[in-house]
Amino acid sequence: MNRKIILTCAVSGNAPFNAKHPAFPVTPAQIAASCVEAAQAGASVVHVHARDPETARGTRDPALFREVVDRLRASGTDIVINLTCGHGALFYPDPADESRGLPSSDVISAEERVRHLRECLPEIASIDISTGNQVEGGDEYVYLNTTRTLRQMAKLFQEIGVKPELEVFSIGDLLFGKQLIAEGLIAGTPLFQMVLGVKWAAPAGAETILYQRNLLPQDAQWAAFGIGRDQMPMVAQAALLGGNVRVGLEDNLYLSRGVFATNGQLVERARTIVEHLGMSVATPAEAREILGLPARTRNCSLEPA
């Protein structure tokens with residue numbers, strides 16, 4: 001059966017990266033160009049973060065998100081735009097008193113977290129349904145998304161008219177996603193993204209995917225991805241088990257050991273895997289139909305809503 005699979009490319013991410021990478025996208029122009037590269041290689045969706053051009057660190061600055069989206073839309077590229085909404089949830093406990101956050105903590109209101117969505121009106125944006133310990137390099141923190149904040153964000157997504165991609169890091173996250181659906185806070189076809197291989201979260205493997213898949217609502221669309229060396233094996237596993245797939249430099253920098261990749265190369269490899277399994281990658285238009293999105297791309301507003 002020639003099943004259509006939605007292939008997402010997460011082009012840049014938020015985490016620190018190996019500075020030796022010769023072409024990691026950092027500036028809005030580079031990130032937008034990388035989205036175009038991914039689309040030309042066959043991606044259905046691009047998942048977009050913004051980075052500070054001076055420091056290369058991830059940022060939630062709406063102006064930088066808006067520049068990326070404006071540049072991407074001005075290119076005329078047909079691609080489903082998926083913006084991250086994961087910023088503003090980092091809590092660094094003070095080791096001397098864990099009831100207090102260090103100055104590096106960045107925990108903001110639900111309204112502030114969706115500000116860039118109001119300005120850019122993407123078709124999709126991610127809601128990370130997760131609170132837990134996380135590690136990025138030598139950086140340890142608590143990723144803080146309370147049930148109260150997540151409910152508020154889901155309501156704001158409905159108000160703005162953006163489809164949520166429910167990113168789940170563990171079983172409990174998935175169950176709370178189902179609760180949001182039961183409460184009427186997620187409309188239309190639910191979309192779940194299984195994040196696999198993050199330290200202290202769900203491991204990457206077929207068993208994890210199967211267990212989580214079997215807990216999903218029957219009408220849900222879902223995808224799964226692995227990080228690092230697990231990226232391509234999870235493409236194959238997710239496709240074989242009935243899901244959609246994700247690759248990109250956010251999750252993995254390499255084509256093989258010591259060989260840096262581009263987003264286009266990662267998309268091409270994932271597409272080859274999908275096709276060798278007897279399936280095909282959905283076009284952006286087909287992805288919109290599968291996900292119940294309008295058959296058009298909205299323009300970024302000139303002024304904040």
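I started with G226, which sits in strand β16 (residues 221-226). I'm working from a predicted model here. Is G226 buried or exposed? I got 0% relative accessibility for G226, so it counts as buried. Next I listed what G226 touches, skipping residues up to four places away in sequence: L196, Q231, M234 and D251. I also checked G226 against V247: they are 21 residues apart in sequence, and their C-alpha atoms are 8.3 Å apart in space.

Then the helix pair. I looked at how α5 (residues 147-160) packs on α6 (residues 171-182), and found an angle of about 45 degrees with the axes 11 Å apart. Because of that angle, α5 is oblique to α6. The crossing of α5 over α6 came out right-handed. Which residues make the contact? From α5 I noted T147, L150 and R151, and from α6 F176, Q179 and L180. Sorted by class, this α5-α6 contact has three nonpolar, two polar and one charged residues.

Last, the cores. The largest nonpolar core has 75 residues, and F157 and W222 touch the most other members. Helix α1 (residues 28-41) gives the most to this core, seven residues. I also found another core lying apart from it, with nine residues, including I6, V45, A282 and L293.

I went back to F157 for its contacts, leaving aside neighbours within four places in sequence. My list for F157 reads C85, V114, L117, A125, S126, I127, V162, K163 and P164.

Key. Residues numbered from 1 in each chain as written. Predicted model: local features only at pLDDT ≥ 70, side-chain atom pairs only at ≥ 80, totals over all residues. Heavy atoms only, no water. Axes fitted to C-alpha atoms, helices over the stretch in contact; angles between N-to-C directions. Helix = DSSP H or I, 4+ residues; strand = E, 2+ residues; numbered from the N terminus. Parallel < 35°, antiparallel > 145°, perpendicular 65-115°, else oblique. Left-handed = near helix turned anticlockwise from the far one by under 90°. Contact = heavy atoms within 4.5 Å. Nonpolar A, V, L, I, M, F, W, Y, C, P; charged D, E, K, R; others polar. Core = buried A, V, L, I, M, F, W, Y, C linked by side-chain atoms within 4.5 Å. Buried < 20%, exposed > 50% of the residue type's maximum accessible area, 1.4 Å probe, protein only.
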